[in-house]
Amino acid sequence: MMEVIDMTDYTKYILSGGTHYISNSGSDENGAYHGGRAGDQNGKEWRLRSWYNRPWSCVLRWPDVDVGTLIAQLGIDAALNDKIGYDQYQRDSFWKEVRKVGYLPARIKTACEEDCTAGVNGLVHCAGYLLDIDALKGIPETGIRSGNMRKAYSKAGFKVLTESKYLKSGDYLLPGDILLYENHHAATNVTCGKKVRGSYDYHDVIEHPEDYRPGPKPEPEPTEYGHVLVTGGSVNIRSGPGTDKKDIGTAHKGDLLIYQGVTEPWGGRDWYLVIYENQNAWISSKYSKLVK
């Protein structure tokens, strides 16, 4: 079991009935983007503050609410730790330090820096390592900016929410939602919105993260429908039938994939439903054929 750190009253912020909190960073102690001393010199470089309209372009939400809760808890601890400050020129030092202390921002004792997107990205990666979620760990650890965050996070599995109810107030936000103003800013939502409070079930994920890790994927059994032989050189495997669907991997000439007995037409060709790396996937008949 993971060592218990000094307890933070997460419910004070996540279940707040008054202020709707976000974990936010935007400038150093001099109100500038770089040049200040390492660490949070005035308590405002990374802080918990009330929701505000930046304005936001979209909200990025991980589908598992408990993962979101963990991201919010990490965001609270980062905001409360005055060893973590703001500097765009030293934005990756937060990630370097938090890796050394078991991905828990509350444990950081060496002054370090981040900026808005490096901070958010660090929290998401901490959640990925604490819960052993490959999709979160697979997001680039550095180089994420407000201009490419939507694309990178969407590819990893975050939902992109653009309805006005998610952007104009905190009422419909869940803990761990990422607030994004593209090409400008990002922040982490902390408080559960009053319009969704009734369906939100708080768990203290940070205390026992092992309880919230995904279980092992079952090994698939071959079906009676046979296999798909890859006839192309290197063939994209898709999340659905069609080249407009997400690319989830590559098969090579001579590979055999288990065929699940479902064929769908798209773009003038048949697409076969197969099993690829223990998940449902699709391959075009242009580069494959059914075999017994």
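Lys44 sits in the loop that runs between β1 (21-25) and β2 (46-50), where helices (H or I, at least four residues) and strands (E, at least two) are DSSP runs numbered from the N terminus. The model is predicted, so local features need pLDDT of at least 70 and side-chain atom pairs count only at pLDDT 80 or more, whereas totals for chains, interfaces and linings use all residues. Residues are numbered from 1 along each chain as its sequence is written, and side-chain values use heavy atoms, with hydrogens and water left out.

Lys44 is exposed, with a relative accessible area of 53%; buried means under 20% relative accessible area, exposed over 50%, and partly exposed in between, with a 1.4 Å probe and protein chains only. Its C-alpha atom is separated by 8.3 Å from that of Ser27, 17 residues apart along the chain.

### Nonpolar cores

A nonpolar core is a set of buried Ala, Val, Leu, Ile, Met, Phe, Trp, Tyr and Cys residues joined through side-chain atoms within 4.5 Å. The largest such core has 50 residues, of which Leu74, Leu136, Met149, Tyr153 and Phe158 touch the most other members. At least two residues of this core come from each of several elements, including α1 (11-14), β3 (58-61), α2 (65-80) and β7 (178-181), and α2 gives the most, with eight residues. Leu136, leaving aside residues up to four places away in sequence, touches Trp62, Val67, Val124, His125, Ala127, Gly128 and Phe158, contact being heavy atoms within 4.5 Å.

Helix α3 (93-100) has Ser93, Phe94, Trp95, Glu97 and Val98 as its buried residues, and their cover includes β2, β4 (84-86), β5 (112-114) and α4. After α3 comes Gly102, whose phi is positive, near 75 degrees.

### Aromatic pairs

The whole structure contains eleven aromatic pairs; rings of Phe, Tyr and Trp (its six-membered ring) pair if their centres lie within 6.5 Å, and planes under 30 degrees apart count as stacked, over 60 as edge-to-face and the rest as tilted. Two of these pairs are set out below.

| Pair | Distance between ring centres | Angle between planes | Class |
|---|---|---|---|
| Trp62 and Phe158 | 5.1 Å | 65 degrees | edge-to-face |
| Tyr103 and Tyr129 | 4.7 Å | 5 degrees | stacked |

Because Trp62 lies in the loop between β3 and α2 and Phe158 in the loop between α6 and β6 (159-161), their pair ties together parts that are 96 residues apart in sequence.

### Cavities and a pocket

On a 1 Å grid over the protein atoms alone, a cavity is a set of points where a 1.4 Å probe fits but cannot get out, and a pocket is an open set with protein on both sides within 12 Å along at least five of seven lines, lining residues having an atom within 4 Å of a point. Grid points are joined across faces, edges and corners, and a volume is the space filled by probe spheres set on the points.

The structure holds three cavities of 30 Å³ or more, and the second largest cavity has a volume of about 60 Å³. Its lining includes Arg91, Asp92, Trp95 and Glu141, while helix α4 (residues 116-131) gives the most to that lining, with four residues.

The second largest pocket holds about 240 Å³ of space, and of the 15 residues lining this pocket, Arg54, Tyr86, Cys116, His184 and His185 lie nearest its centre.
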